[in-house]
Structures are given as structure tokens and as C-alpha cells.
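Colleague: I've got this one open on my screen and a few things to ask. Can you walk me through it?

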Amino acid sequence: LFVCRVAGNVATDEEIGSLEFGTLVLGSKVILVLGHERCGAVDATIKGAAVPGRIGSILEAIRPAALETENVKENRLETTTKANVKLQVDRLKKSSVLSKLIDEKKLKIVGGYYDLDTGKVSVIPETV
């Protein structure tokens, strides 16, 4: 198990490099981008929160998902969290290292959603 944790599950260059190492060098076979219920980073992005320091770079990485869901009326936080997972999965799949491993059937990248209340993880179908 090779784990990278970052607020908002954003795929920064450093995170992607770490995952490239974990898969290419260490042999991890699956990358799971796991969003979760009541994600504070996604919520702050939706609300356009003013944040100090480099926290804003996390919100900027999530912003495309928030823009995609701006017309959602019910469960926007959950919908945006799942949209962000899809966004980050797509970003990972653009890595030349990861995409080559996927093409060689040595790697799968999938997205999931963790329900904090039930403890259940569900796969986001559009990411498989």
C-alpha cells in the first residue's frame, strides 16, 4: 500500500510524481482517488472562501469541479466532491508514466466516495 494524502485529493505535480514512483518503481497496481463526505476543501471552494497562505492553490485545483456543478441545487457538496474526484483521476491519467502503465494493463486508476456516516466507499462509475 503506497499512500499519498492531500487536502481535496488534488493531483499536484508533486503528488503525481509520488504516484509515478509508487507505481513504476514500487509496483502499486491500483490508484484510488478517494473523495469524502463533507470535504472542507471542496466546501471552501464552492463558497469562494478567502484562505491564507498556499491553501488557495488547493482551492484553485478544485475550482473546475465547482464551476461544473454551479447549477446543482441539491447535494452540491457531494456532487462537486465526486466531480473533483473525476477531475483528479483525469489529471492522473494524463501522466505519461501512469498512462503507459494503464496501456500495458499494469495499473488501474479509479475514483471513489467515502461516506463518513456509514463508512461505505462507493466507486464513482465514470472513473473506472
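This is a predicted model: local features need pLDDT of at least 70, side-chain atom pairs count only at pLDDT 80 or more; totals for chains, interfaces and linings use all residues.

Colleague: OK, so what is the order of the strands in the open sheet?

Modeller: The sheet has three strands, with mixed pairing. S1 (30–36) and S3 (121–123) stand at the edges, each with a single partner strand, so one side of each has no neighbour in the sheet. Neighbouring strands are turned by 35° against each other on average, ignoring direction. The order is S1-S2-S3.

Colleague: How many bridges join S1 to S2?

Modeller: S2 covers residues 108–114, and S1 and S2 run parallel. Val-30 has Lys-108 as its bridge partner in S2, and for Leu-32 the partner in S2 is Val-110. The number of bridges joining S1 to S2 is seven.

Colleague: Which helix lies across S1 and S2?

Modeller: Look at residues 76–93. That helix runs at about 165° to S2. The name you want is H4.

Colleague: Is H2 roughly parallel or roughly perpendicular to H3?

Modeller: H2 (residues 40–47) and H3 (residues 55–68) pack with their axes 9 Å apart, at an angle of about 70°. Angles from 65 to 115 degrees count as roughly perpendicular. So H2 to H3 is roughly perpendicular.

Colleague: And how many nonpolar residues are in the contact of H2 with H3?

Modeller: From H2 come Ala-41, Val-42, Ala-44, Thr-45 and Ile-46. H3 brings Ile-58, Leu-59, Ile-62, Arg-63 and Ala-66. By class, one residue is polar and one is charged, and the nonpolar count is eight.

Colleague: On to the cysteines: how many disulfides does a search of the whole structure find?

Modeller: A disulfide needs two cysteine sulfur atoms within 2.5 Å. For Cys-4, the nearest cysteine sulfur is that of Cys-39, 17 Å away. Cys-39 is in no disulfide either. The search of the whole structure finds zero.

Colleague: Is Cys-39 buried or exposed?

Modeller: Cys-4 makes a handy reference, being partly exposed with a relative accessible area of 28%. For Cys-39 the relative accessible area is 4%, and the cut-off for buried is under 20%. So Cys-39 is buried.

Key:
Residues are numbered from 1 along each chain as its sequence is written. Side-chain values use heavy atoms; hydrogens and water are left out. Axes are lines fitted to C-alpha atoms, for helices over the stretch in contact, and angles run from 0 to 180 degrees between N-to-C directions. Helices (H or I, at least four residues) and strands (E, at least two) are DSSP runs, numbered from the N terminus. Angles under 35 degrees count as roughly parallel, over 145 as roughly antiparallel, 65 to 115 as roughly perpendicular and the rest as oblique. Contact means heavy atoms within 4.5 Å. Ala, Val, Leu, Ile, Met, Phe, Trp, Tyr, Cys and Pro count as nonpolar, Asp, Glu, Lys and Arg as charged, and the others, Gly among them, as polar. Two strands pair if DSSP finds at least two bridges between them. Buried means under 20% relative accessible area, exposed over 50%, partly exposed in between (1.4 Å probe, protein chains only).
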